[in-house]
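Q: I am new to this structure and would like a close look at one part of it. Could you walk me through the salt bridges and how covered their residues are, with a glance at a surface patch on the way?

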Amino acid sequence: MKEGRVALVTGAGRGIGRAVAERLLADGWAVSLGLRRGLEDWSDHNVQTVAYDAAKGGEESWVGAALDRFGRIDAVIANAGVMIPKSVVEIDDEDLDAMWTVNVRAPQRLARAAFAALAKSGSGRIVIVASLSGKRVASPQSSAYALTKHAAVALAHGLRQSGFDKGIRATAICPGFVSTDMGRSLMPDMADMTTPGEIADLVAMAINLPNRASVAEIAVNCRAEQSF
């Protein structure tokens, strides 16, 4: 484990983002956390909290604040997401734009803002926490969400291609149902979902692999499907 590495984590107030932040801190990383609801006191000198709402932007300011505090950025974990359960036929422009902004445009802007710092690291890492909905369309009601998550997976591949010769590696992590507020609201009767901590383990694995062991996608599921 290298010393002093720094990661930016979106959606870090709860669920997967919180689990990722806790795992990286335990592994010796410093973390800059983008929080939409208040700035928590983590009582840890390796934690920076920044007011950040993926729906509103501000990625360049966040990157600047992280560089001012830590002097480097080695990883970006784009975890914030929103799901509106509507089909591609019934969803209106406002709802689709809301998902598109948070699920695709915000992580693209954050990666763009941090790209130079990630390149300077020599082993910069980007993780897009997408979804199995970025690999298949499971139902009409998840189809509009899947539209944005397919784009999020493509974003990870585009970042991987764009940064490969600079030592940047990008991975799309594609979970099925995870035991978060979102997951439980969608499947209240499913008892054995993948946990946020298990997704955090996959994030840690992806960002700790050497440059010569690039992993473009990781699919993980709590139930058997035809392909996943």
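A: Helices here are DSSP runs of H or I with at least four residues, numbered from the N terminus. Leu147 sits in helix H4 (residues 143–163). This is a predicted model, where local features need pLDDT of at least 70, side-chain atom pairs count only at pLDDT 80 or more, and totals for chains, interfaces and linings use all residues. Residues are numbered from 1 along each chain as its sequence is written, and side-chain values use heavy atoms, leaving out hydrogens and water.

Leu147 is partly exposed, at 43% relative accessible area (buried is under 20%, exposed over 50%, partly exposed in between, with a 1.4 Å probe and protein chains only). Together with Val88, Val89 and Trp100, Leu147 forms a nonpolar surface patch (residues over 30% relative accessible area without a salt bridge, nonpolar side chains joined within 5 Å).

Now the salt bridges: a side-chain nitrogen of Lys or Arg within 4 Å of a carboxyl oxygen of Asp or Glu. The whole structure has 10. In one of them, Arg18 pairs with Glu22, with the closest N and O atoms 3.2 Å apart. These two residues lie four apart in helix H1 (residues 15–26), so about one helical turn separates Arg18 and Glu22. Arg18 is partly exposed at 24%, and Glu22 is partly exposed at 42%.

Arg72 and Asp74 form another, at 2.7 Å between the closest N and O atoms. Here Arg72 is partly exposed at 34%, whereas Asp74 is buried at 2%. Finally, Arg23, Asp27 and Asp201 are linked in a salt-bridge network.

Terms used
Patch = residues over 30% accessible without salt bridge, like charges linked within 9 Å, V, L, I, M, F, W, Y side chains within 5 Å. Areas by Shrake-Rupley, 256 points an atom, 1.4 Å probe, with all protein chains shown as cover.
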